[in-house]
Amino acid sequence: MYVGIGSKNPVKVKAVEEVIDDGKAVSLNVPSGVSEQPFSDEETRLGAINRAKAVVERGKVEIGIGLEGGVEEIDGQFFVCNWGAIADKNGTVHQAGGARFPLPDVIGEKLRKGEELGPIMSEYARIKEVNKKEGAIGIFTDGALDRKEMYVHIVKILIGQFKYYSKVKA
Ligand SMILES: O=P(O)(O)OP(=O)(O)OP(=O)(O)OC[C@H]1O[C@@H](n2cnc3c(O)ncnc32)[C@H](O)[C@@H]1O
Ligand SMILES: [Mg+2]
């Protein structure tokens with residue numbers, strides 16, 4: 001299966017490569033169509049869908065995957081949320097949500113001021129481009145789960161659905 005991923009972020013590309021059968025993904029920089037820092041579950045989900053569709057529209061691959069990270073405020077506390085989507089040339093789209101976990105208030109205050117989570121996290125963890133490494137989930141779980149592994153779960157749910165529903169339709 002030749003798959004495109006709508007991001008050049010190595011954690012997202014590696015997550016797709018780890019799950020797909022032939023292990024080679026094409027990475028494409030495509031617009032998410034939402035803010036650089038999505039601020040709700042809905043916006044994050046839409047970003048993932050837009051990326052997946054944009055990959056397929058480029059015409060290089062039959063199947064596109066979009067992965068998007070965002071934040072969602074629940075009861076005054078910010079949570080990181082994660083969404084993924086898979087799209088094919090026939091217009092089929094499947095979606096999956098990933099892990100959620102709360103962010104400390106000191107980070108929430110910066111998000112409210114309009115800063116992006118990526119730079120906030122790098123400053124907080126004192127790790128350059130932490131969004132391309134273990135990510136916020138790696139920091140706040142003391143390394144129990146990193147951002148790539150978190151996306152691996154989403155990609156498995158996406159590809160799994162794609163295979164299941166293709167069989168059912170056949
Ligand atoms: O190149 P792309 O694919 O856009 O990769 P990205 O790291 O910017 O990831 P997203 O656009 O999906 O995430 C939106 C913002 O939230 C940040 N973010 C999301 N999850 C994060 C995490 O686990 N650790 C650090 N930053 C994160 C990210 O860096 C962006 O500033
Ligand atoms: Mg981004």
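**Entry 1: overall fold**

I began with contacts between residues at least 6 apart in sequence: 51% of them in the protein join residues at least 24 apart. I note that this is a predicted model. I then listed the elements and found six helices and six strands. From the N terminus they run β-α-β-α-β-β-β-β-α-α-α-α. The radius of gyration is 16 Å, close to the 15 Å the globule rule gives for 170 residues, so the protein is as compact as a globular protein of that length. I looked up the span of the C-alpha trace along the principal axes and got about 50 × 25 × 25 Å. Of the 170 residues, 42% count as buried.

**Entry 2: helix H2**

I went to H2, which covers residues 41–57 and has 17 residues. From first C-alpha to last, H2 reaches 24 Å, close to the 24 Å expected at 1.5 Å a residue. Is H2 mostly covered or mostly open? It is mostly covered, with 13 of its 17 residues buried. After H2 comes Gly 59, and I noted its positive phi, near 85 degrees.

**Entry 3: strands S4 and S5**

I checked how S4 (residues 77–88) meets S5. The two run antiparallel and are joined by five bridges. I picked out Trp 83, whose bridge partner in S5 is Gly 97. The hairpin of S4 and S5 has four residues between the strands. Gly 91 in this hairpin takes a positive phi near 95 degrees.

Next I followed the side chains along S5 (residues 93–97), and they alternate. His 94 and Ala 96 point to one face and are buried.

**Entry 4: Ala 87**

I stopped at Ala 87, which sits in strand S4.

**Entry 5: ligand 1**

Which residues come nearest to ligand 1? Of the 19 around it, they are Ser 7, Gly 69, Gly 118, Asn 131 and Gly 135. The elements giving two or more residues to this shell are strand S3 (63–74), helix H4 (117–125) and helix H5 (135–140). I sorted the shell by class and got six nonpolar, eight polar and five charged residues.

How values were computed:
Residues numbered from 1 in each chain as written. Chains lettered and ligands numbered in written order. Predicted model: local features only at pLDDT ≥ 70, side-chain atom pairs only at ≥ 80, totals over all residues. Expected span 1.5 Å × (residues − 1). Buried ≥ 20, exposed ≤ 12 C-beta atoms within 10 Å, placed from the backbone. Near = placed C-beta within 6 Å. Nonpolar A, V, L, I, M, F, W, Y, C, P; charged D, E, K, R; others polar. Pairing = 2+ DSSP bridges. Rg over C-alpha atoms; globule rule 2.2 N^0.38 Å. Contact = placed C-beta atoms within 7 Å.
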